[in-house]
Amino acid sequence: MSDIEIRDDRAAGRLEAIGGGEVVGRIEYFVLDAPERALVPVHTIVEPAYEGKGIAGSLARELYALSRREGVVVAPLCPYVVKWAERHPDEAPAADPELLRAAKEWLVAHPGRF
């Protein structure tokens, strides 16, 4: 895992794990503006050749670190990130149910986005 770099491609809504010059994993997300600003992960994808190497967990950890650096919360809709957050409550504070509801409504209102 030490040769993996994680970068945020905010314009594309992807937190990407780069290995060997290519994207080997990613979390796809959007930024919710109301009722408060939040990062909303929707999908976590790791290329089959890189599964089982901790990449998905590293991406989730970096997403929460990014949110702390930006002073925003994470409202996870991605099943992987939800489970990761449950296992790491010290790194991943629970999202407000109202914020999760708003994130789900945003996703419904933008059906072609993900």
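**Talking through a predicted model**

Colleague: Happy to look at this one with you. Which residues have the most contacts inside the largest nonpolar core?

Modeller: In this predicted model, the largest nonpolar core holds 22 residues, and Leu-15, Ala-17, Leu-39, Ile-55, Leu-59 and Tyr-64 have the most contacts inside it. The elements that each give two or more residues to this core are β2 (14-19), β3 (22-32), β4 (38-46), α1 (55-70) and α2 (79-87). Helix α1 supplies the largest share, with 7 residues.

Colleague: And what makes a group of residues a nonpolar core?

Modeller: The members must be buried residues of the nonpolar kinds, joined through side-chain atoms within 4.5 Å.

Colleague: Thanks! Let's step back to the whole chain. In what order do the elements run from the N terminus on?

Modeller: The protein chain has 3 helices and 5 strands, and their order from the N terminus is β-β-β-β-α-β-α-α.

Colleague: How do you know that the radius of gyration agrees with a compact globule?

Modeller: For 114 residues, a compact globule would have a radius of gyration near 13 Å, and the protein chain has 14 Å, so the two agree. Along its principal axes, the C-alpha trace spans about 40 × 35 × 25 Å.

Colleague: What share of the residues is buried, and what share of the contacts joins residues 24 or more positions apart?

Modeller: Buried residues make up 40% of the 114 residues. Of the contacts with a separation of 6 or more, 49% are between residues 24 or more positions apart. As for the surface, the protein chain exposes about 6,200 Å², with 52% of it supplied by carbon and sulfur atoms.

Colleague: How far apart are the mean positions of the positive and negative charges?

Modeller: The mean positions of the 14 positive and the 19 negative charges are 1 Å apart.

Colleague: Now a charged residue of its own. Why is Glu-91 called buried?

Modeller: Its relative accessibility is 18%, and buried means under 20%, so Glu-91 counts as buried. Glu-91 sits in the loop between α2 and α3 (97-109). Not counting residues up to four places away in sequence, Glu-91 touches Arg-61, Tyr-64, Arg-68 and Trp-84.

Colleague: Why is Val-23 called partly exposed?

Modeller: Val-23 has a relative accessible area of 30%, which is between the cut-offs of 20% and 50%, so Val-23 is partly exposed. This residue is found in strand β3. Leaving out residues up to four places away in sequence, Val-23 touches Arg-7, Glu-16, Ala-17, Ile-18 and Glu-47.

Colleague: What makes Val-73 partly exposed?

Modeller: The reasoning runs on the cut-offs again: Val-73 is at 32% relative accessibility, between 20% and 50%, and therefore counts as partly exposed. Val-73 is found in strand β5 (residues 73-74). Beyond residues up to four places away in sequence, Val-73 touches Glu-36, Arg-37, Ala-38, Leu-39, Ser-67 and Leu-99. Its C-alpha atom is separated by 8.5 Å from that of Glu-36, 37 residues apart along the chain.

Colleague: And why is Asp-33 called exposed?

Modeller: The relative accessible area of Asp-33 is 55%, and exposed means over 50%, so Asp-33 is exposed. Asp-33 lies in the loop between β3 and β4. The C-alpha atoms of Asp-33 and Ala-85, 52 residues apart along the chain, are separated by 22 Å.

Colleague: One last thing about that loop. Which omega goes with the peptide bond from Ala-34 to Pro-35?

Modeller: Omega is near 15 degrees, and the bond from Ala-34 to Pro-35 is cis. Most peptide bonds are trans. Pro-35 has its place in the loop between β3 and β4.

Key
Residues numbered from 1 in each chain as written. Predicted model: local features only at pLDDT ≥ 70, side-chain atom pairs only at ≥ 80, totals over all residues. Heavy atoms only, no water. Buried < 20%, exposed > 50% of the residue type's maximum accessible area, 1.4 Å probe, protein only. Helix = DSSP H or I, 4+ residues; strand = E, 2+ residues; numbered from the N terminus. Rg over C-alpha atoms; globule rule 2.2 N^0.38 Å. Contact = heavy atoms within 4.5 Å. Areas by Shrake-Rupley, 256 points an atom, 1.4 Å probe, with all protein chains shown as cover. Lys, Arg positive; Asp, Glu negative; His and termini not counted. Charge placed at Lys NZ, Arg CZ, Asp CG, Glu CD.
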